[in-house]
Amino acid sequence: MTAEDHPSVDPDGPVAVLANPTAGRGRHRALLPALLSRLASAGREVRLLEAYSAEQAEAVCHAAVAGGVAALVAVGGDGTVHRALQAVAGTPVPFGPVPAGTGNDFATDTGYPPDPLAAAEVIAGALRADRARPVDLARLNSPAEPPRWYGAVLAAGFDAIVNERANRMRWPRGPRRYDLAILVELARLRPRRYKLCLDGEPHEVDAVLVAVGNCPSYGGGMRICPDADPADGLLDVVVGGRFDRRTLIRVKPSIYQGTHVRHPLVTSYRVRTVELAAEGITTYADGERALGLPVTVTAEPGALRLLR
């Protein structure tokens, strides 16, 4: 879907709201009426979209945008934002994220307050003032699957492998499943051979960690690409080389401060386009299962209009 499909936004149209009641383990569910009221204070009709799965969430967002809305708002975490982005990316329909999930990295890194009601007030103020600011998105292309968009970070190394392991596990439930997946994959840790093409320049590296960031953070505040700027028209690529288990465990906490990039095994690049290939890796974008390698990631300047 492109801007040509939507040559104008109906300023009198409704504000569509995608809300994930299970985001953040449901701790903000009771806030939804107050959030909708705060958004309605902008003087627009607020229309709550109904969705009962990730795929349905994406479909109803596409339908809302195609049907003519003044804006789309996502109430939830990065996963909810990711679904909504597929509908508004590359269109003139403005977007606002209300951080109400376990990981709210895109909203935080693009300047929204962490409190959901405060973020809703920022969005309502932008709606009243008819104000939207352009920010970049990343476009993810694969030779075998339809393209995807993402706002925060693409994981294509150890963290993606852990996510894939956790998603296959049926026990235990909750965050302990992810912890167990980390232990299993640490025991199997080995560098993999990656082929990178960075703005046309080929590289081959053995690495355990590869991340491509439009924004600095993923995983609820880990600054994996600490210098990424969603308004510079570029992607930050961070590659963690031949780490062994002990070194990776020692370095991983420093990702929260972004100081891991000082480690001699970590290399950073800033590029417009990344071609990335390796065997047996499924990528995760904004924490959501995305495309299997190989993929091409391209920075798309101003692809999203943020209500700020």
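In which loop is P294 found?

Author: The structure is a predicted model, and P294 is found in its loop between β15 and β16, the latter covering residues 295–306. The peptide bond that joins L293 and P294 is cis, with omega at about 10°. Most peptide bonds are trans, and most residues other than glycine have a negative phi. D130 is found in the loop between α5 and β5, where β5 spans residues 133–141.

A salt bridge pairs E288 with R83, and the closest N and O atoms are 3.0 Å apart. This pair links distant parts of the chain, since E288 is in strand β15 (residues 288–292) and R83 is in helix α3, 205 residues away. Side chains of opposite charge can pair when their charged atoms come close. A search of the whole structure finds 13 salt bridges.

Domain 1 brings 30 residues to the contact and domain 2 brings 23. The size of an interface is often given as the accessible area lost when the parts come together. For domain 1 and domain 2 the buried area is about 2100 Å², with 58% of it on carbon and sulfur atoms. On the side of domain 1, the residues that lose the most area to domain 2 are H82, D105 and D109, which together account for 27% of what that side buries.

Polar pairs also cross this interface. The rule finds two salt bridges between domain 1 and domain 2. Residue pairs in polar contact between the two domains number 15. On the side of domain 1 that touches domain 2, the elements giving two or more residues are α3 (78–88), β4 (95–99), α4 (105–109) and α5 (116–129). Helix α3, which holds R83, gives the most to that side, with seven residues. By type, the residues of that side divide into 15 nonpolar, nine polar and six charged. Elsewhere in the list of charged pairs, R148 forms a salt bridge with E58, the closest N and O atoms being 2.7 Å apart.

Finally, a word on confidence. The mean pLDDT of the chain is 92, and 94% of its residues reach 70 or more. Residues 1–7, however, have a pLDDT below 50, and this stretch has 15 contacts in the model beyond near neighbours in sequence. Where pLDDT is low, the predicted coordinates should not be read in detail.

Definitions and conventions: Residues are numbered from 1 along each chain as its sequence is written. This is a predicted model: local features need pLDDT of at least 70, side-chain atom pairs count only at pLDDT 80 or more; totals for chains, interfaces and linings use all residues. Side-chain values use heavy atoms; hydrogens and water are left out. Contact means heavy atoms within 4.5 Å. Buried area is the accessible area (1.4 Å probe) that two parts lose on being put together, summed over both. A salt bridge is a side-chain nitrogen of Lys or Arg within 4 Å of a carboxyl oxygen of Asp or Glu. A polar contact is a pair of N or O atoms within 3.5 Å; within protein, one must be able to donate a hydrogen and the other to accept it, and residues adjacent in sequence count only if both atoms are side-chain atoms. Helices (H or I, at least four residues) and strands (E, at least two) are DSSP runs, numbered from the N terminus. Ala, Val, Leu, Ile, Met, Phe, Trp, Tyr, Cys and Pro count as nonpolar, Asp, Glu, Lys and Arg as charged, and the others, Gly among them, as polar. pLDDT is the predictor's confidence in each residue, from 0 to 100.
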